Amino acid sequence: GHCRLLCKPSALAQHLVRSLGRSAALRGGRWMWPRWPQLQMLWQLLQPPEPEPVVARELLQLPDAGLVALDWLVGPWGAAGGAGGLSSPVLLLIPNAAGKVTGGLLQLGLRALERGFIPVIFNRRGHNGCPLTTPRLQPFGDPGDLREAVTYLRCRHPSASLLAVSEGSGSGLLLAYLGESGSSSRLSAAACLSPIFRGRDWFEAGMPWLYEWPLLLHLKQGLSRYAGALAEVVDMDRLLGSRSLRELEETLFCRTRSRPTSWESYWERNEPLRDADEAAVPLLCLCSADDPVRGPPGQSLPRELFRSSPYFFLLLTPHGGHCGFPRRGPGRCWAHEAVLEYFRAMAEFLRTEERRKGLPRPR
């Protein structure tokens, strides 16, 4: 389907090429307007999943008394995903940085549930109805809360493989976590749909108003619920009057009343790829060359990273928009099928390597 896989040659890369090459997802029906990335993006954002999923929420308390929410997809069929088989793989779904759980992300969770996965959505502090119990939100590339959630999931499902998928700007969190954790990430494999690789450049360049303004309004609406608590640490008038995502991010995390910092220092600690060389988990990034949100591929895609690291794989398609990758027929997004095929291929490769080397399975 005109897709190209950019990666460092290896046995794992060869296995992935064979698996994706056989996948029907990359040969599926075509979108009737392939050169309209804005329309593709709106199609995925506005279309509700079919069928509508049911979610069972669980609140996880963090060491500083903050809360994050884990939403287990029930299905519309029966028991919650959290009650699935002991050895079923757990799929952690990470929404974008604004906390918007899109129809596309829910559709991916439903597809995974049908395939025997246990899907669960990670909601940051104060996002998607998660109570804000401390006057602190999660910075763009701070994986501390995600690490606590992964530790909890590993304790709850000790014999299951743990996988993760992020969408859009939420990939900054997953990329930072993989780099900081290295070989201790507890993940078997991960994937990013239309990731933002360079956070500072992305905020400074801005985005098309069609995408930026809805996200900005979504963030302000959520933050206004906690105006009283946040007023202790930030200027709420300035925050709610922000006219861009950069201005809101800078007000929320740099111009604080207690510990102000510079824009440059903030990104030294929050760039998604700051520790990318330490990542030790296979990661598939699905990107389109016409992504109107990420920016031109020449400046926004770290191609050298994919050529040099044995763990990073870039599946690049000429058309697909931002988290769109549309097709006709059931599913509507071929990237979802490609991600699930990738996870199947990774599990198959790891089982083969264990048999070849005679390694015992981790307990």
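Predicted model: local features only at pLDDT ≥ 70, side-chain atom pairs only at ≥ 80, totals over all residues.
1. Overall make-up. The chain contains 14 helices and nine strands. Of its 363 residues, 56% count as buried. Among contacts in the chain with a separation of 6 or more, 76% are between residues 24 or more positions apart.

2. Cavities. Four cavities of 30 Å³ or more are present in the structure. The largest cavity holds about 250 Å³ of space. Its lining is made up of 20 residues, and those closest to the centre are Ala97, Ala98, His127, Leu219 and Glu249.

3. Lining of the largest cavity. Three helices, α6 (199-205), α7 (209-224) and α10 (245-253), each contribute at least two lining residues. α10 gives the largest share, with five residues. By residue class, the lining of the largest cavity has 14 nonpolar, three polar and three charged members.

4. Second largest pocket. This pocket has about 510 Å³ of space. It is lined by 18 residues, and Arg136, Pro139, Phe253, Thr256 and Arg259 lie nearest its centre. The lining of the second largest pocket comprises ten nonpolar, four polar and four charged residues.

5. Elements and domains around the second largest pocket. Both α10 and α11 (263-270) supply at least two residues of the lining, and α11 provides the largest share, three residues. The second largest pocket lies between domain 1 and domain 2, because both domains give residues to its lining.

6. Arginine 125, setting. Arginine 125 is found in the loop between β5 (118-123) and α4 (144-156).

7. Arginine 125, partners. Its side chain has a polar contact of 3.0 Å with the side chain of aspartate 64. A further polar contact, of 3.1 Å, links the side chains of arginine 125 and threonine 134. Leaving aside neighbours within four places in sequence, arginine 125 is in contact with residues including Leu62, Gly66, Leu67, Val68, Cys130, Leu132, Leu137 and Asp145. Arg136 is also one of the contacts of arginine 125, and Arg136 is among the residues that lie nearest the centre of the second largest pocket.

8. Histidine 322. The loop between β9 (312-317) and α14 (334-357) holds histidine 322. Its relative accessibility is 3%, so histidine 322 counts as buried. Which side chain does the side chain of histidine 322 meet in a polar contact of 3.0 Å? The partner is the side chain of aspartate 291. The C-alpha atom of histidine 322 is separated by 8.3 Å from that of leucine 193, a residue 129 residues apart from it along the chain.

How values were computed
Residues numbered from 1 in each chain as written. Heavy atoms only, no water. 1 Å grid on protein atoms, 1.4 Å probe; cavity = no way out; pocket = protein on both sides within 12 Å on 5 of 7 lines; lining within 4 Å. Points joined across faces, edges and corners; volume = space filled by probe spheres on them. Helix = DSSP H or I, 4+ residues; strand = E, 2+ residues; numbered from the N terminus. Nonpolar A, V, L, I, M, F, W, Y, C, P; charged D, E, K, R; others polar. Polar contact = N/O pair within 3.5 Å; in protein donor to acceptor, adjacent residues only side chain to side chain. Contact = heavy atoms within 4.5 Å. Domains from an automatic or database assignment. Buried < 20%, exposed > 50% of the residue type's maximum accessible area, 1.4 Å probe, protein only.
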